[in-house]
Amino acid sequence: LSQALHHAANPARAVAEAARILRPGGRVLALDLRKHDQEWVRDRVGDRWLGFTDADLEGFLAGAGLTHVKVRVGSRSPGDPFTVLIASGIKNDLKH
C-alpha cells in the first residue's frame, strides 16, 4: 500500500482487507506519510488524512491480525514537511 492510506475513507479497513487476501505467511507493507500540518494537500491532491502517527499505523496492522508489526522512518529530507513511514506486518502461518 504505497501512499494510499491517506486517501482512504477508512484506512484501518483498507489494511484489514489487504491482510484478509494474504496467504498465511504473507506480508502487508504500507508506505505512508507521518502526521503533518500541510492542509493544502486536501484540496490540491485529495488527501483525506494529514498522515498518521507511528502508533496509528501499528494499530491498523495489529488490528488486522498481523504479527511482527514494525513501523520505521523510510525517508525524510531536510526542510521537507513530509516524512515517509514504512509499516509492515505478517499474516500468521496457520500451518505452524
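Start by selecting Arg42, which is partly exposed with a relative accessible area of 35%; buried means under 20%, exposed over 50% and partly exposed in between, with a 1.4 Å probe and protein chains only. The model is predicted: local features need pLDDT of at least 70 and side-chain atom pairs count only at pLDDT 80 or more, while totals for chains, interfaces and linings use all residues. Residues are numbered from 1 along each chain as its sequence is written, and side-chain values use heavy atoms, leaving out hydrogens and water.

**Salt bridges**

The term stands for a side-chain nitrogen of Lys or Arg within 4 Å of a carboxyl oxygen of Asp or Glu. Glu39 counts as partly exposed, at 47% relative accessibility. By this rule the model has three salt bridges.

Go next to Glu17 and Arg20, whose closest N and O atoms are 2.7 Å apart in a salt bridge. The two are three residues apart in helix α1, and therefore separated by about one helical turn. Helices (H or I, at least four residues) and strands (E, at least two) are DSSP runs numbered from the N terminus. Glu17 is partly exposed, at 38% relative accessible area, while Arg20 is exposed, at 55%.

Then select Arg34 and Asp54, a salt bridge with the closest N and O atoms 3.0 Å apart. Arg34 lies in the loop between β1 and α2 (40-45) and Asp54 in helix α3, so the pair ties together parts that are 20 residues apart in sequence. Arg34 is partly exposed at 27% relative accessible area, and Asp54 is partly exposed, also at 27%.

**Helix α3**

Stay on α3 and show Leu57, Phe60 and Leu61, which are buried. They cover an arc of only 90° around the axis, which puts them on the same side of α3; the arc is that of the directions from the helix axis to the C-beta atoms. On the other side of α3, Ala55 and Gly63 are exposed. What do the buried residues of α3 pack against? They pack against α1, β1, β2 and β3, contact meaning heavy atoms within 4.5 Å. Past the helix comes Gly65, with a positive phi near 90°.

**Cores**

Now colour the largest nonpolar core, which has 14 residues; Leu5, Val28, Leu57, Phe60 and Leu61 touch the most other members. Elements giving two or more residues to this core are α1 (11-20), β1 (27-33), α3 (54-63) and β3 (83-90). Such a core is a set of buried Ala, Val, Leu, Ile, Met, Phe, Trp, Tyr and Cys residues joined through side-chain atoms within 4.5 Å. Centre on Leu61: leaving aside residues up to four places away in sequence, Leu61 touches Val15, Val28, Leu66, Val69, Ala87, Ser88 and Gly89. A second, separate core has five residues, among them Leu33, Val41, Phe82 and Val84.

**Sheet**

Finish with the strands. They form an open sheet of three, in the order β1-β3-β2, with antiparallel pairing. The edge strands are β1 and β2 (67-76), each pairing on one side only. On average, neighbouring strands of this sheet are turned by 15° against each other, direction ignored; the axes are lines fitted to C-alpha atoms, for helices over the stretch in contact, and angles run from 0 to 180 degrees between N-to-C directions. Two strands pair if DSSP finds at least two bridges between them; β1 and β3 pair in the antiparallel sense over seven bridges. Which residue of β3 stands opposite Ala30? Select Ala87 to see the residue opposite Ala30.
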